[in-house]
Amino acid sequence: MLGRLLVVAVLVSIASACQRTREPPESAPVLKGELIATGDYLDQPGQMEVVDDRLVVLDRSAPMVHVFHLGGAHLGSFGQKGEGPGEYRSAVHVQRDAKDPRDVWIFDRTLGRMSRLRFGQAPLPELQEVVNLNAGTGVFLHPVWLGDTTLVVSAISPTHSDGRLLLTGRTGRVMRMIGKPPRHPGSAAIPTTVLQHAYEGPLTVRPDRSHFALATRQADRLEIYRADGTQVAEVVGSTGFLPEFEVRERAEGVSMAAGDDLRVGYVGIASTNERIYALFSGELRSEAGANSFLGREVHVFNWSGKKIARLELDALAVAITVTPDGRQLFAIRHDPEPSVARYMLPPSATGS
């Protein structure tokens, strides 16, 4: 047994302030995807975003950014390994700019910085600015722009424990915490950083910037907030499983340790002004192995937290994104080879 503290995930009832949902019937429609991008230049693509009429895909190896036309034509790739302007160590998140449809932001977790690029007449974008998040507040996992000068951040921060997420300025300086800390059995005895790691997950900001949503990677829950940080809903699935983990003690400090009994929740998220699209796994690592961090189900919510639909993709996906009108969904696959597939969404899932 690792460490002194074993925290067992149990099914719990959620407070009345939270919104509990039930899974729709198992006969969810299976969407058939069309492969639009595949090639030797793709290594392990991880995240992507629709920017105007282009699809921007982040990859593990250099060149780390690939650009496609939405129809599938490969327009080019860029982004070498390094620390200079236009270079990356770990490009892990991409977000289109809310004000200018030509602009895209790429977050490098290793370097702790956001790079803004602009598409013009050329197929590939040009670097506009670099924003260094050097606040020394911990590890930023999923920073996304909530406004022109404000970021909402899922982070591991030993100095901030009285909330769920960080609200920071352009330098990464924490302005305040928002949301409530995760409610987990025995949480009072769990180190802050371990609890934050166990309940981390991807973020999406509503394009009109009025709301944002957090999907928990290792639990069956989705949280929706207004831009001022007040919670709209905490949506819990029918199983309501919580993270299963241990606290590992090392010479350099404590950390989260997870084994085969870990069940994976939401692995990706995207949104339009009408809908939230969350990619769900639900698999145990003991049964699915590495595939437990991939998803086939797409849960569709409105911004009040009501589940609108459950869709099923025809293949496991690493990540998803959607067009602003919600009519097309793109999914990254790794098997049998790295590729991007396009799906046409049913009208019930678009909200238009």
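1. Let me start with how the chain folds back on itself. Residues 24 or more positions apart account for 49% of the contacts in the protein chain with a separation of 6 or more, where a contact means heavy atoms within 4.5 Å. Please keep in mind that this is a predicted model, in which local features need pLDDT of at least 70, side-chain atom pairs count only at pLDDT 80 or more, and totals for chains, interfaces and linings use all residues. Residues are numbered from 1 along each chain as its sequence is written, and side-chain values use heavy atoms, with hydrogens and water left out.

2. Next, the overall picture. The protein chain has three helices and 29 strands; these are DSSP runs numbered from the N terminus, helices being H or I with at least four residues and strands E with at least two. The radius of gyration is 19 Å, close to the 20 Å that the globule rule gives for 352 residues, so the chain is as compact as a globular protein of that length. That radius is taken over C-alpha atoms, and the rule is 2.2 Å times the number of residues to the power 0.38. Along its principal axes, the C-alpha trace spans about 55 × 50 × 35 Å.

3. A word on burial and surface. Of the 352 residues of the protein chain, 55% count as buried; buried means under 20% relative accessible area, exposed over 50%, and partly exposed in between, with a 1.4 Å probe and protein chains only. The chain exposes about 14,900 Å², and carbon and sulfur atoms supply 48% of that area. Accessible areas come from the Shrake-Rupley method with a 1.4 Å probe, and for residues only the protein chains shown count as cover.

4. The largest nonpolar core has 20 residues, and V298, L311, L313 and L329 have the most contacts inside it. Such a core is a set of buried Ala, Val, Leu, Ile, Met, Phe, Trp, Tyr and Cys residues joined through side-chain atoms within 4.5 Å. At least two core residues come from each of β23 (266-271), β24 (276-280), β25 (295-301), β26 (307-317), β27 (319-322), β28 (328-333) and β29 (339-344). β26 gives the largest share, four residues. Apart from this core lies another, of 15 residues, among them A37, V50, L70 and A319.

5. V298 is worth a click in your viewer. This residue is found in strand β25 and is buried, with a relative accessible area of 1%. Leaving aside residues up to four places away in sequence, V298 touches Y277, A278, L279, A309, R310, L311, L313, I320 and L329. V298 and Y277 are 21 residues apart in sequence, yet their C-alpha atoms are 6.3 Å apart in space.

6. β23 and β24 form a hairpin with four residues between them, and they pair in the antiparallel sense over five bridges. Two strands pair if DSSP finds at least two bridges between them. In this pairing, I269 stands opposite A278 in β24.

7. Two open sheets are handy to trace by eye.

8. β13 pairs with β14 (residues 151-156) over six bridges, with P143 opposite V153 in β14.

9. Finally, a look at a loop residue. A227 sits in the loop between β19 (221-226) and β20 (231-236), and is partly exposed, with a relative accessible area of 28%. Not counting residues up to four places away in sequence, A227 touches L146, R209, S210, H211 and F212.
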